[in-house]
Amino acid sequence: MFLIDQILLLAAVLILVGVISSKASARLGLPVLVLFLIVGMLAGERGIGGIAFDSPGAAHALGTVALALILYDGGLQTPLSSIRSVWKPAALLATLGVLVTALITGVAAAWILGLSLLEGLLIGAIVGSTDAAAVFAQLRNAGIHIRKRLKSTLEVESASNDPMAIFLTVGLLEVLVHDVPFGLGLLTLFVQQMGIGAAIGLGVGWTAVAIINRIHLQASGMYPVLVTACGLLAFGLAANLGGSGFLAIFVAGVVVGNSRFVFQRGVFLFHDGLAWLSQITMFVVLGLLIDPKGLLEVWLEGLLIAFVLIFLARPLAVWPMMQPFGFERKEIALVSWVGLRGSVPIVLAIFPLIFGVPAAPLIFNVVFFVVLISATVQGGTLAHVARRLGLAEAPPAKPAATLEITSLDTVNADIVEYTLAADSRAVGRRLSELALPESTVIAMITRAKDVIPPRGSTALRANDHLFAVLRPDTRPFVDRTFSQAGQVATDPLPDLELRLKGSTRVEDVRNSYGIHLPAADGDSLERVIRERLKQDPAVDEGLVLDGTRLRVCEMIGPRIATVGLLLPRAEAAVGG
């Protein structure tokens, strides 16, 4: 038997145990990262597994690759709309917030551990970033949804503060080990790292989208591989040119994730799985690296540093950054509490071992202990705190399930499958009563094993599968049509004109979108316009009813074929 055979068996067993243990996360109220770390520690040399692993270099290499892939997936999953809406507070939290957290925690760590100020600041920098995946996994397990603006702030901050923490860690190590000047030298390194990283990320991201949409690969399974290679290219180029590879791969992910490209849904699913595999592997390996005896030796110091981080440093960093942007006190309190530490601090804790810092073993054990306390205390109480602050909301309206088949080349249409939940607002209604956008076509309906020809008279039932051909910009409207009737829609409709057939009834518009027009339920949009215009309508003529603008978009002979609806918010934006 070859050594690699044993390694593959061992890796498979550890990963399987890690995946299975994640099922216990919701029941125990703990982030999955804690369970993954426990699996690694139990499998370690001093655990029941007895596996000897003492290679910080190998752990660093593995952690770097895993962290790069996790950040890339984070970029792919970060909507540009979220960034636009909260970029100012999120940017402050991801930069100055990390710096303030590092300074306060670092000064406390130096005093508690009896280290030099620079070594204490190094600990503060290592634990400076937060883990978005852990936060939202805990909220999801508890069935809690929070306000969109608050969610976007947490999402963007947690996804973008890792490069700052990494820079501070590497910068302080350069000062400690290579005598880089603390002031100007560190500032120059910051500008170089962030500037080159951002530029490479943008350039590779835009180039990647252009290549993906033009290369026409015969094997569709190669597209996720191509997207992965582009992300790693961004990391490698930036790192070799003196920039931040982690910032580059995150920015490239944001650019690629917010662009349209072929097989997009499959690429996202691939990278989501790759990110989970990276997290499991990384945490299990880091668990193998830790010595439980070493944790017991620093438990008191680690507890004190965790206390300073959770109850002093994080709140003092968050309140001044968020208060000027109109956040409520309870929202700021929640953001202060959800600063869970995750994968990044533990990976960064390996850096001092690689650089040969004398206090590196102590730093590693303390950081590991702080992360465990943060994840356990904050993660375990997150749902309770959100409820006590009154920030838990009903889930947003959304389709029960969707399966997307993105069109190839430049065809501006997607095929989306909707599975109707029992309480979907479309159940019990006929296709002709759905008020779908005029460019949307229901191509096929399947019910159990039967294929139902889509006709206007077809009545929809729970668990029906509808295949809709639609334009991407109309997707939010179609999603709303098939959403669950019992839920409150927290996401507003887009600032776009909704084009409907002139024969669409007022009642159907209200049932599908929640748009109320002051007219009889049975009136068609064509009739509503004709009765109020008092003249023969023409294309582009219209009127405003209770703030909603109705416009004649298309006429076939004397008949109004298409009517455009512009909601009050969109109307105001256009007028402004």
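**Entry 1: Arg-505 and its partners**

I began with Arg-505, which forms a salt bridge with Asp-508; their closest N and O atoms are 3.2 Å apart. I note here that the model is a predicted one. I then looked up how open each partner is. Arg-505 is partly exposed, with a relative accessible area of 28%. Asp-508 counts as buried, because its relative accessibility of 3% falls under the 20% cut-off.

**Entry 2: Asp-521 with Arg-510**

Next I checked Asp-521 and Arg-510, whose side chains meet in a salt bridge at 2.9 Å, N to O. Where does each partner sit? Asp-521 lies in the loop between α21 (506-513) and α22 (525-533), while Arg-510 belongs to helix α21. The pair therefore ties together parts that are 11 residues apart in sequence. Asp-521 is partly exposed at 35% relative accessibility. Arg-510 is partly exposed too, with a relative accessible area of 24%.

I also followed shared partners.

**Entry 3: Lys-330 and the overall count**

I moved on to Lys-330. It forms a salt bridge with Glu-328, and the closest N and O atoms are 4.0 Å apart. Lys-330 is partly exposed, at 28% relative accessible area. Glu-328 is also partly exposed, at 37%. How many salt bridges are there in the whole structure? My search found 16.

**Entry 4: the second largest pocket**

I turned to the second largest pocket. Its volume is about 480 Å³. The lining has 21 residues, and those closest to the centre are Ala-91, Ser-160, Leu-247, Phe-250 and Val-251. Which elements give two or more residues to this lining? I listed α5 (80-113), α8 (148-160), α9 (162-178), α10 (184-214) and α12 (245-257). Helix α5 gives the most, with seven residues.

I sorted the lining by class. It holds 18 nonpolar residues and three polar ones. I found no charged residues there.

Last, I looked at the surface. Phe-2, Leu-3, Ile-4, Ile-7 and Leu-8 make a nonpolar patch of about 560 Å². Phe-2 is placed in the segment before α1 (3-22). Is Phe-2 buried or exposed? Phe-2 has a relative accessible area of 63%, so I logged it as exposed.

Definitions and conventions
Residues are numbered from 1 along each chain as its sequence is written. This is a predicted model: local features need pLDDT of at least 70, side-chain atom pairs count only at pLDDT 80 or more; totals for chains, interfaces and linings use all residues. Side-chain values use heavy atoms; hydrogens and water are left out. On a 1 Å grid over the protein atoms alone, a cavity is a set of points where a 1.4 Å probe fits but cannot get out, and a pocket is an open set with protein on both sides within 12 Å along at least five of seven lines; lining residues have an atom within 4 Å of a point. Grid points are joined across faces, edges and corners, and a volume is the space filled by probe spheres set on the points. Helices (H or I, at least four residues) and strands (E, at least two) are DSSP runs, numbered from the N terminus. Ala, Val, Leu, Ile, Met, Phe, Trp, Tyr, Cys and Pro count as nonpolar, Asp, Glu, Lys and Arg as charged, and the others, Gly among them, as polar. Patches are made of residues with over 30% relative accessible area and no salt bridge: like charges are joined within 9 Å, nonpolar side chains (Val, Leu, Ile, Met, Phe, Trp, Tyr) within 5 Å. Accessible areas come from the Shrake-Rupley method with a 1.4 Å probe; for residues, only the protein chains shown count as cover. Buried means under 20% relative accessible area, exposed over 50%, partly exposed in between (1.4 Å probe, protein chains only).
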